[in-house]
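Have it open beside you while you read.

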Amino acid sequence: MRRRSLATLGFAAAGATALGGCGASASARGSGPVRLTLLSHYANAPLKPGLAKLIDEFNRTHRTVQVTAQGVNFDSLLETVTVRQAAGRGADIIQPYGLWAGQFAEAGVLVPAPKGIAEEIRAHYSKAAVGAATVDGTLYGYPTETQTYGLYYNKRLVPTPPSTWDELESAARKATKRDRHGNIVVQGFGVSKEQDSNVVHPFLSLLQSAGGHFLEPGGTHTAVDSAAARSVLDLECGLIRARVTDPGTDMAKAYPSGLVGMTINAGWWLGALPAMMGGSYKDVGTAPIPGPRDGARGSLAYGYFMGVNAQSRHQDAAWEFLTWLNRGKSRGARATRMGTFQYSVGTIPPRPADTDALTEGTKNANLATFAAALEYATPEPNINHGQQIKAVLQKNIEAAWTGQAAVPDALRTTAEQVDNLLAR
Amino acid sequence: MATLTTRAPDRASRRTTVGTPARRGRRQTVTAYLFLAPTLLFFAVFLVLPLLFALLLAVSKWSGFSLGQITPIGFGNFASILGRGSTFLTPILTNTLLFAFGSVVIALLASLVLANCINRLRFQGFWRTLYFLPIVTTVVAVGNIWKVLYEPTGGLVNGLLNAIGLPSVSFLTNPNTALPSIVVVQAWTAVGSAILILTAGLKAIPESYYEAAELDGAGAWTMFWTMTLPMLRPTLLFVSITQFITALQSFALIIVMTGDGGPADATNVAGFEMYQQAFKYGDWGTASAMAFVLFLVILVITLAQLWFFRRKGEETS
């Protein structure tokens, strides 16, 4: 009762926003078609026009349901979902980053996938893709893309990819070039602090290659204060101290410019690099992320999925559209609409059958690295407070990189802070 | 009958003379409130209600998605941000104070010197406009230009360092230099408005004082120290208070220049952390608790400034 009255006060306090009504979207009244909105981070080419093409096809062939895509930049997606949801104006279909699934599930933003759809997804999608859309055993939507991490190298600077950390260090030192003032002109190995993912995802990939884990099984405590994690941070800090890398570099510009020998990044980059590099793209090579010992390898998998807003008045129509988009095939197509679209922009489709059908008869060695990583990559944990836990890890890694904290202290602090968040 | 007819108007007239001022007073009060109503409504909707809502959130847990999910938890949010292991006091609040104090001190000193120089120059309007330009430039442009200037390779500042034989400095990626580098930019952007206000203050000092002092043989430094500075004190008080409050809340420049308050929280400030907690981590309770702590910090600093200047015998007029 007390909670209810406080909620009422909250409603009064934010009356201005609540005036917007609580329906997810404006629906057609009377005999008009049901109008759905889809909010995603597909705000720029090639993703935006690619999705728009599919939606146009759906709208042409379905008179009773019409879909409108709304794209915002990834950096603004979470804020947009939050603000619109609080105002009762959330989109009918949302495409969240898997990391936010725990936060969304806790707040009841999305409805669980209907039983039949959930069974179909579990049966036909990769384990990593299903994991990104699942929280505590409940599946919240269709996985739309899965990314894994691999080692990108420039064949001009690093002719043969390393298979151990020793080889990686040696190749990095050899490829590094400095000017007469000591400034790094060519980085042998690129680490970057441009975004949280640039810091955290390569660390977690290397952690797996060293046999370590971020969380204990069950996900209630962190396992990051470990010998494996110390070895990863020692490796990265050693490269920074040896001045073969500068974390301040924007890797999205430096690598395509041929100024980086090796770096760790996700598979989606393959879709962007050809346009950025032109003829120099032939120098791009990819390989599994090596471990401390020969044969060890590691990768991180993360993904996006499309789910239906719990506030939507047209949940059945939304699932109907999602099923058409993710399960259906266009006439004469070898793979599902979503799979074909994702492959066209250089992303591995979340359905292995799509990948097999689309890569049949073709040889894309670079993409094969990331497809193969689906089998062993550790999934990014999509627990509650996932985004904040990622930020905590990022800050402590940066503290070690910059010498603000010793490696063991940085990992101990990470463990304490993450455990505090997990206990909430 | 005649008596009655004469007494009746008397009573009426007495009622009128006693009742009219009170009724008129009430009517005036009602009229005043009617005139004030739009402003009061504006303050109620945009100040009082959000303040009450923030207060409610500060003692609650809320993910920001649905108003029906606000759960009261008492002072838990305050305990978690002020407790052991929290990064809010150190480094975030410390950074906030260093950022504000550094930028205000630099801007105040620079603007004091520049305003005095401008006050003696010809074409004063031109110089004031020149120094005011950073204020009318968007913070995104300012931040990005300074980011390029600070670039370790190819940046102008490092180019100058290299030219005199010094090695490059990673201004924005070294935790020791990142915050001071941004403080300089914040001060640079704040100098323009401070100059404008200080030159107005300088103009208000009568020229005859300086002429009398000159006749008594006072030098330029003596005149500045014993006349200009004391008479500028109310203006300096205004500039320092407003700039302190602005700097304590500001984080746009930090977002542009370091993106995430890094490296390793070295440039993270309270305003930015609040934004992150609310919109990125979905922890509106913690964000609101931080807002109230920051409010207390601003209040204490402003009161301290007022006390300092009043101790010297100045009012805030």
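**Notes on the model**

1. Buried here asks for 20 or more other C-beta atoms within 10 Å of the residue's own, exposed means 12 or fewer, and partly exposed is in between, with C-beta atoms placed from the backbone. Helices are DSSP runs of H or I of at least four residues and strands are runs of E of at least two, numbered from the N terminus. Just after H8(B), Gly217(B) takes a positive phi of about 90°.

2. A word on what you are looking at: this is a predicted model, in which local features need pLDDT of at least 70 and side-chain atom pairs count only at pLDDT 80 or more, while totals for chains, interfaces and linings use all residues. Residues are numbered from 1 along each chain as its sequence is written, and chains are lettered from A and ligands numbered from 1 in the order in which they are written.

3. Chain A has 18 helices and 14 strands. Its radius of gyration is 23 Å, close to the 22 Å from the globule rule for 424 residues, so chain A is as compact as a globular protein of that length. (The radius is taken over C-alpha atoms, and the rule is 2.2 Å times the number of residues to the power 0.38.) The C-alpha trace of chain A spans about 75 × 60 × 40 Å along its principal axes, and buried residues make up 50% of the 424.

4. How is chain A divided into domains? The assignment gives domain 1 (2–146 + 303–373) and domain 2 (149–301 + 378–423); such bounds come from an automatic or database domain assignment. The C-alpha centres of these two domains of chain A are 30 Å apart.

5. Now the join between them. In chain A, 22 residues of domain 1 are in contact with 20 residues of domain 2, contact meaning C-beta atoms, placed from the backbone, within 7 Å. On the domain 1 side, helices H5 (101–107), H7 (127–132) and H16 (365–373) of chain A each give two or more residues. H16(A) gives the most, with five residues.

6. Chain B is split into domain 1 (2–52) and domain 2 (82–311). The C-alpha centres of these two domains of chain B lie 50 Å apart.

7. Where do the chains meet? The contact takes 36 residues from chain B and 39 residues from chain A. On the chain B side, helix H1 (2–58), strand E2 (71–72) and helix H11 (270–280) each supply at least two residues, and H1(B) gives the most, with five residues. That side of chain B divides into 17 nonpolar, 16 polar and three charged residues.

8. Two valines to click on. Val139(B) is in helix H5 (residues 139–150) of chain B, and counts as partly exposed because it has 17 C-beta neighbours inside 10 Å. Val139(B) touches Ala252(B), Leu253(B) and Val256(B), leaving aside residues up to four places away in sequence. Val83(A) lies in helix H4 (residues 74–86) of chain A and is partly exposed, with 16 other C-beta atoms within 10 Å.

Methods: Nonpolar A, V, L, I, M, F, W, Y, C, P; charged D, E, K, R; others polar.
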